[in-house]
Amino acid sequence: EGQPQPGAPFGPGPRKALEAALDIAAGMGLDAHNCEGYIGYADLPGASPTQIATITHLDVVPEGNDWRLTEPFEPIEREDCLIGRGVSDNKGGVVAGLYAIMALRELGVPLKSRLTLFLGTDEETGMDDVQLFAKEEKMPDFSLVPDVEYPVCHGEKGIFKVYAVCDQKSEALLSFEGGVAINVVCDEARATLREEPALAAELATLCAASKWMEYRVDGGIITVIAKGIAAHASTPDGSRNATHELAKTLAACTKLPESDRKAMEKLVAVLGDSYGEAIGIAATDEQSGRLTCANGIAQMRDGRVAVSFDVRYCVSLDGEQVLRGFEACFKPDGWHLEDVTYSNGY
C-alpha cells in the first residue's frame, strides 16, 4: 500500500499490478474491467446471471530486507519454483484462477453460470477494496479463494492487532525501531543511544556474544542492531523475532537506567514465544488449531517504547477475551494498549 493518487486509491504499486493483470486477462480474450483502481475483474459469460467468482489479490506485504538471490520485484525461476515477493501470496492464486477459467473455455464446457476472476488491491491492509465493491455492486453467488493451504479452508481465525506502549518515557534510548509490517515477524530491529565509555564497552561485549547482534559507533551515537528471521504472522514457526533479540541484549546491559532495563525485561518476557503463552492468551481448538501471536513493529511513541502484536485466535474465542488477556499482562507492569482492532473468526 502507498499514498493514494488519482485512479490509485491504495497507491501506485497496487495500481500498476492491477493494470498488468487486466491486460493479461484481456489478452486472453476475457472481459476485463477496472473499478476506479480499487479492484478489477475478468469475466467469462454463462447461460445465466448466476455468478461463480474466484477472489484473489495483487497487493503484497512490504518487500522486506536481505534479498540475496534476486531483487524482490524481479522474480527468478529456480528448481521449478518462482522466487520473488508475492509469487505465492497471491500472484499464484491469480494465475490459478485465470487458467481455471481459460481451461473451461478452451475445453468447450457449457457454462450455466458467469465465471469471474476478481483482482483485489488491498487484502494485506484491510480489504477496503472488497468493501467498496460491495457497496456499489452485487456480490457473487458463490466464491472460491485460492489464498490458503491445500486442500481446502473452511473458516478463518479471528485477527487481533494492538500496540503495547510503555507508560514511562525512555531515559537512555534515542530510538527503538524495527519491522516492515504488523503482520510480518520483525526481522531487523535497532536502538540508538548516546555514546558513553562504560555503556559502549558493555554493549560491544554483549553484541559480540550473539550471532544475531551487530554493534556500531559513529559520531557519538551507539547503534545496536538485531537480526531475525521473518515469517507471516499467521505462521510464525521457524521465525526469529529481532525485537526479542534486541530486548535481550539491552535488558542484560547493567549500564542502562533501571527503567529502561525494566521495559526491555518486559519485552523479553512477552516476545519469547509465538503462541501468546507469556501474555496469558494461549488457546487451541479442534477447528482452528493453536492461537498464534507475533510481533511485527517496534517503535517509539512520544519517547516511549511501543511494540505491535498480530494475534490469530481460535474461532471459539472472542476478541474481547484476547483484549482482557493483554490488559491483564501489560497494565500491572506500567504499559497501556493503543490501536486495538479485532474481527472474530468464523
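Residues count as buried under 20% relative accessible area, as exposed over 50%, and as partly exposed in between (1.4 Å probe, protein chains only). The views show a predicted model, in which local features need pLDDT of at least 70, side-chain atom pairs count only at pLDDT 80 or more, and totals for chains, interfaces and linings use all residues. Residues are numbered from 1 along each chain as its sequence is written, and side-chain values use heavy atoms, with hydrogens and water left out.

View 1. Asp-339 is not a glycine, yet its phi is positive, at about 55°. Asp-339 belongs to strand E18 (residues 335-343); helices (H or I, at least four residues) and strands (E, at least two) are DSSP runs, numbered from the N terminus. Because its relative accessibility is 47%, Asp-339 counts as partly exposed. Asp-302, also a residue other than glycine, has a positive phi near 55°. Asp-302 sits in the loop between strand E16 (298-301) and strand E17 (304-313), and its relative accessibility of 57% makes it exposed.

**View 2. A cis peptide bond.** Asp-89 and Asn-90 are joined by a cis peptide bond with omega of about 15°. Asn-90 is part of helix H2 (residues 87-106).

**View 3. The largest nonpolar core.** A nonpolar core is a set of buried Ala, Val, Leu, Ile, Met, Phe, Trp, Tyr and Cys residues joined through side-chain atoms within 4.5 Å. The largest such core has 50 residues, of which Phe-176, Met-264, Leu-267, Phe-309 and Phe-326 touch the most other members. A second, separate core of 18 residues includes Leu-18, Leu-30, Leu-58 and Leu-119. Leaving aside residues up to four places away in sequence, the contacts of Phe-309 include Phe-160, Ile-182, Cys-293, Phe-326 and Phe-330, contact meaning heavy atoms within 4.5 Å.

View 4. Rings of Phe, Tyr and Trp (its six-membered ring) pair if their centres lie within 6.5 Å; planes under 30 degrees apart count as stacked, over 60 as edge-to-face and the rest as tilted. Phe-326 and Phe-330 are stacked because their ring centres are 6.1 Å apart and their planes are at 10°. Both residues lie in helix H7 (residues 319-330), four residues apart, about one turn of the helix. Phe-326 is buried, at 0% relative accessibility, and Phe-330 is buried with a relative accessible area of 0%. Ring pairs also link Phe-160, Phe-309, Phe-326, Phe-330, Trp-335 and Tyr-342 into a cluster.
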